[in-house]
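Hi,

Here is the structure I promised to pass on. Have a look at it first, and my notes follow below.

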Amino acid sequence: MTRSPTEPPGADVTGPPAGPEDDAEVVAQSLEHPEVFAGLYDCHAPDIHRYAARRLGEGAADDITAETFLIAFRSRRRYESTHRNARPWLYGIAANLIGKHRRSEERGLRALARTGQDPVAASWSDRCDDRIAAQAPLAGALASLSPGDRHVLLLVAWADLGYQEVAEALGIPLGTVRSRLNRARRKVREALHMDPSFTPDVMELTPSWTK
C-alpha cells in the first residue's frame, strides 16, 4: 500500500481496504479483516429481521437475525464468491432457522385463522400489514402449506427473491422452486377465491401470491 505523503514514518497503513464493491468482496475482505463483515450486517440485517418478524413475531426475529449473521460469519470461508449478492445466502440461513420454529409458526397462523388475533402474530400483523394478517382464510392457507412450500412462497412474496435466488437460498433445483411455488399459489388462490369477504385491496396486496 502506498503511504500518503502526510503520514509520519511508522504510521499503520495495514487497515482494512475501503469501498468493497459488492457482498462477495465484503465477505472476502472479512477473512483478513473480520470487522469488515459488519458492513454486511448493516446492509441486510433490517430486511432479515423484517422477514423473520413476519414469520414468527418480533421477539423471535431478534434471535433469528442475530443467529443468522453469527452463522454467516462463522461459515464465511465457504461462501461462494461468484454470488455477488449475499441476500440468498442470508435468507437461506434465516429460513433454516425459522424452520426450526415450524410448530410455533403454524400454531400462530392457525390461531389467527380461527380468531383473527394471536399474540405471536401481533408484531407480524403490525409490521407488515394488518389488512393481510386479519384475513383468516389466508392465515389458514399459509398454515396448511408444507414447510418447503411455505418457505418458497414467502421468500418470493415477502423477501422479494427471484426464482434463482430462492433456489440458491434453499439449495434446491430451480424446477423444484417453480413446482413448490405453483402448488402454494394454487392453495392460497383457492382460499382467497372461496371467501367472499376478501376485498380488491387485499388482492392487490398479494399479487405475487395469486398470479
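Let's start with a charged pair: Asp22 and Arg84 meet through their side chains in a salt bridge, 2.8 Å from N to O. (A salt bridge here is a side-chain nitrogen of Lys or Arg within 4 Å of a carboxyl oxygen of Asp or Glu.) The pair links distant parts of the chain, 62 residues apart, with Asp22 in the segment before α1 (23-30) and Arg84 in the loop between α3 and α4. Helices are DSSP runs (H or I, at least four residues), numbered from the N terminus.

Before the rest: this is a predicted model, where local features need pLDDT of at least 70 and side-chain atom pairs count only at pLDDT 80 or more, while totals for chains, interfaces and linings use all residues. Residues are numbered from 1 along each chain as its sequence is written, and side-chain values use heavy atoms, with hydrogens and water left out.

By this rule there are four salt bridges. Another one joins Arg183 and Asp149, 2.7 Å from N to O. Arg183 lies in helix α11 (residues 174-194) and Asp149 in helix α9, so this pair ties together parts that are 34 residues apart in sequence. Is Asp149 buried or exposed? Asp149 is buried, at 3% relative accessible area, whereas Arg183 is partly exposed at 32%. (Buried means under 20% relative accessible area, exposed over 50%, partly exposed in between, with a 1.4 Å probe and protein chains only.) Helix α9 (residues 147-157) is mostly covered, with nine of its 11 residues buried.

Glu165 also forms a salt bridge, with Arg87, and their closest N and O atoms are 3.9 Å apart. Glu165 is in helix α10 and Arg87 in helix α4, so the pair ties together parts 78 residues apart in sequence.

Those two helices, α4 (87-99) and α10 (163-170), each supply at least two residues of the lining of the largest pocket. α4 gives the most, with three residues. The pocket holds about 240 Å³ of space, and its lining includes Trp89, Ile93 and Glu168. (On a 1 Å grid over the protein atoms alone, a pocket is an open set of points where a 1.4 Å probe fits, with protein on both sides within 12 Å along at least five of seven lines; lining residues have an atom within 4 Å of a point. The volume is the space filled by probe spheres set on the points, which are joined across faces, edges and corners.)

Cheers
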